[in-house]
Amino acid sequence: MIWRRDILRVSTGLLAAPAIVTAVGAQSSFDWRQFKGQHIEVSLTKNPRSDVLQRKQKEFEDLTGITVGAEQIPEQRQRPKVALEMASGHPSFDVLMVSLHVSKRLFGSAKWLEDLRPYLANPKLTAPDYDFADIGAGAVQTATQADGRMDSLPINPDLWIVYYNKALFKEHGLAFPDSMDALLEAAHQLTDKSKGTYGFGGRGLKNANVPVWTSWLLGQDQSTVTPDGKALLTDTARAVWAAELYQKLMRDCAPPGSIGFNWNECQTNFSQGTIGMWLNGVGFSAPLLDPKSSKVAGSVGLQSFRKDRRHNIRLASSMRWRFLSPARPRAPLISIASGPPAIRSWRRCRAPAPARRRGSAFIPTRPSYKPTSSAKNGWIP
Amino acid sequence: MQSQKVSAPGLPEIIPVTEFRDTIGIALINLIAGSDAAGELRKATATFQPVLDKSNAA
């Protein structure tokens, strides 16, 4: 008997480019159509990666003979929706995109999702070119629950970076800061309220604002809870330092009304040239680099963190992970979109930061774009 | 890729993540309004620790 849970194992990465179909054809021993005639439903969060999946849906269907129904829902609505459906025991979907930065423990504790390790180990169900080893260790760790089950497959870590307006920096004779003190100082120098320009933009809105603070806190090598998840570490000296930095940036160097800003208001302000630096996920880069939607498309700097040597403060990016996971019990299914070809397809479609090492380089969206070339001062180019 | 090597999840791996974000989020808003950082974090921590304890006990 063939279970629908087996269907997508054979189709890893098939929603990608036509080139993969050619490659698949060469793998005569692998039966891509072993589940022909089946149907699956997929619940996606709304983002560029989901757009790619849906654009490639027909290729997947042609190759496998499996038909697909897929729906994109804004993430903040999808999270409670899928949890409610899973709790009911009768989810309307067979595969879902899970936001593990919020839902990992919930899904793990409830054991709603299938352990994928047996599927990955089965050569009849996992295509030979899937190359699981190419997925970054951090992504694998995040996909693994405390009891060792791996109940989702990584799609993308949304690494947080600092976007900066190179033209504004140049106008003020500033280089990108090499320490947190320098970052705050630069934010002050870039702020000219009479001209409506501000040194820093960040989320102020309740709930959405927390990752900004935790980004600074992670730079101190500290998380918000103890490793066992039992005790909060949110009032330590390091936490207070991070909070004070957040306070200074947001009170003195951010646009008025920032207390109500989520990422989209920050993104809009940055794209209009009124913000010097913006801390957020790399996944928000595409509109900033598009001249049709951004006044600063030609001068966007993107700076990742490593560490601040002068102050010995490690600046670790925070991540939000999106994963495709099979749901149970109706029809647990396997990832359809984390294979190498899918990652390449995302790169072409400006959906950066996939979990795979070979696909993780940020891809410029304009020929003139050149990433920062120097790693000095601890910032990663 | 280099950034991934030093990256870590920005939110705690706990069940009540939304409640965590709401509680700390209020503290951060109060900071923007001018409150004392240490005091706000102490208050938020005291507010949320029982929620976390209850979640862990469930």
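Begin by selecting strands E6, E7, E5 and E8 of chain A, which in that order form an open sheet of 4 strands with mixed pairing. Strands and helices here are DSSP runs numbered from the N terminus, a strand (E) having at least two residues and a helix (H or I) at least four; two strands pair if DSSP finds at least two bridges between them. Strands E6 (198–201) and E8 (300–303) of chain A stand at the edges with a single partner strand each, so one side of each has no neighbour in the sheet. From one strand to the next, the twist averages 20°.

The model is predicted: local features need pLDDT of at least 70 and side-chain atom pairs count only at pLDDT 80 or more, whereas totals for chains, interfaces and linings use all residues. Residues are numbered from 1 along each chain as its sequence is written, chains are lettered from A and ligands numbered from 1 in the order in which they are written, and side-chain values use heavy atoms, with hydrogens and water left out.

**Within the sheet**

Select E5(A), residues 160–165, together with E8(A): the two pair in the antiparallel sense over 4 bridges. A:Tyr163 has A:Leu302 as its bridge partner in E8(A). Contact means heavy atoms within 4.5 Å.

Which residue in E7(A) is the bridge partner of A:Tyr164? It is A:Met277, and A:Met277 is also the bridge partner of A:Phe200. E5(A) and E7(A) run antiparallel and are joined by 5 bridges, while E6(A) and E7(A) pair in the parallel sense over 3 bridges. In E7(A), 7 of its 7 residues are buried, where buried means under 20% relative accessible area, exposed over 50% and partly exposed in between (1.4 Å probe, protein chains only).

**The nonpolar cores**

A nonpolar core is a set of buried Ala, Val, Leu, Ile, Met, Phe, Trp, Tyr and Cys residues joined through side-chain atoms within 4.5 Å. Select A:Phe200, A:Trp213, A:Trp216, A:Leu249 and A:Met277, which touch the most other members of the largest core, a set of 48 residues. Among the elements that each supply at least two residues of this core are E5 and E7 of chain A and helices H2 (17–32) and H3 (37–57) of chain B. Its largest share, 8 residues, comes from H11(A).

Centre on A:Leu249: not counting residues up to four places away in sequence, A:Leu249 touches A:Leu183, A:Leu184, A:Ala187, A:Phe200, A:Trp216 and A:Ala254.

Move to A:Ser50 in helix H2 (residues 48–55) of chain A. Is A:Ser50 buried or exposed? Its relative accessibility is 0%, so A:Ser50 counts as buried. Leaving aside neighbours within four places in sequence, its contacts are A:Leu44, A:Thr45, A:Gln72 and A:Met97.

In helix H3 (residues 57–64) of chain A, select the buried residues A:Gln57, A:Phe60, A:Leu63 and A:Thr64. Seen down the axis of H3(A), they fall within an arc of 135° (taken from the directions from the helix axis to the C-beta atoms), so they line one face of the helix. A:Gly65, with a positive phi near 80°, follows H3(A).

Conventions
Axes fitted to C-alpha atoms, helices over the stretch in contact; angles between N-to-C directions.
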